[in-house]
Amino acid sequence: MAKSKKKQPLLSPKVKIYLIVLLIPISLTIYIFAFFSWQQIRGLPFIERFTEKSVYQQIQDQFDLEIPIEYIPVYVAAEQKYNVPWTLLAAHHRVETRFSTMRTLISPVGAEGHMQFMPCTFVGWKHPSCKDLGLGEIPEKDKTNPAVIKKYGGYGVDANGDGIADPFDIEDAIFSAAKFLSIAGVRNGELKKAVFQYNHSDAYVEDVLYYYKQYRDYGEQLKQIAMDDTK
């Protein structure tokens, strides 16, 4: 049987070494060009926007639940009106309804909406049917009537000016919570007292303040990114 010929390599060792030596300066040149090109374009608006989104996601990754970016301008607007830190409002929203992701926005005891107001707190404890936990026997049409709420001293707010103060409307709910917290003590710097007034539970206060402090550390960055996103 004839011996098979040994296959010759496509490239000789000398050629391989030559190519490696040749590719090193080419690779360095490409890297340097790419680096300086990035430095030139990174300041462009659309590149900055992409970078901000990356920073935003890095911050959100610190939390057990992301703060929905569309809610941040609402928190900030309520902060500006009632001088309640937007991060405190976000903390309440997180604890009350997990940023409105609960299957239902009505609790077993009758608290309603995004921020879980008892009807008597929203409409006002001066309402003749209000007692005990505050469920009351308030007609549905009166629950969202700003005039009725004003009459009975409630905390419900018509934040978007549609003539209805609705705890199931995100803007109305957040503004109503801000109004409550402001009056309950935040405007005097008594955050812990205000949170306890919102829900008479030491565990609740601990939870809200935990998230508040966590969000506060990134508050300015998140606010800037969210407000720029709405422009």
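A disulfide is a pair of cysteine sulfur atoms within 2.5 Å. This tour reaches one after a look at the whole chain.

The model is predicted, so local features need pLDDT of at least 70 and side-chain atom pairs count only at pLDDT 80 or more, while totals for chains, interfaces and linings use all residues. Residues are numbered from 1 along each chain as its sequence is written, and side-chain values use heavy atoms, with hydrogens and water left out.

**The whole chain**

Start with a cartoon view. The chain has 11 helices and 0 strands; helices (H or I, at least four residues) and strands (E, at least two) are DSSP runs, numbered from the N terminus. Of the 231 residues, 41% are buried, where buried means under 20% relative accessible area, exposed over 50%, and partly exposed in between (1.4 Å probe, protein chains only). Among contacts (heavy atoms within 4.5 Å) with a separation of 6 or more, 54% are between residues 24 or more positions apart. Switch to a surface: the chain exposes about 14600 Å², and carbon and sulfur atoms supply 58% of it. Accessible areas come from the Shrake-Rupley method with a 1.4 Å probe; for residues, only the protein chains shown count as cover.

**The core**

Next select I67, Y75, L88 and L89. These residues have the most contacts inside the largest nonpolar core, which has 56 residues. A nonpolar core is a set of buried Ala, Val, Leu, Ile, Met, Phe, Trp, Tyr and Cys residues joined through side-chain atoms within 4.5 Å. Helix α8 (residues 170-184) gives the most to this core, with 9 residues.

Stay on Y75. Not counting residues up to four places away in sequence, Y75 touches I67, W86, L89, A90, H93, F99 and I174.

**H93**

H93 counts as buried because its relative accessibility is 0%. The side chains of H93 and Y75 are joined by a polar contact of 2.6 Å. A polar contact is a pair of N or O atoms within 3.5 Å; within protein, one must be able to donate a hydrogen and the other to accept it, and residues adjacent in sequence count only if both atoms are side-chain atoms. Beyond four places in sequence, the residues that H93 touches include Y71, R98, H114, M115 and I170.

**The disulfide**

Now select C120 and C130, which are joined S to S at 2.0 Å. The torsion about their S-S bond is about -100 degrees, so the disulfide is left-handed. C120 lies in helix α5 (residues 119-123) and C130 in the loop between α5 and α6 (140-143), so the pair ties together parts that are 10 residues apart in sequence. Both C120 and C130 are buried.

**Salt bridges**

Which residue forms a salt bridge with E112? Select K143: the closest N and O atoms of the two are 3.0 Å apart. E112 sits in the loop between α4 and α5 and K143 in helix α6, 31 residues apart. E112 and K143 are buried. A salt bridge is a side-chain nitrogen of Lys or Arg within 4 Å of a carboxyl oxygen of Asp or Glu.

Then show D142 and K141, whose side chains meet in a salt bridge (3.4 Å, N to O). D142 is buried, at 15% relative accessibility, whereas K141 is exposed, at 62%.

End with E220 and K223, another salt bridge (3.5 Å, N to O). They are separated by about one helical turn because they are 3 residues apart in helix α11 (residues 219-229).
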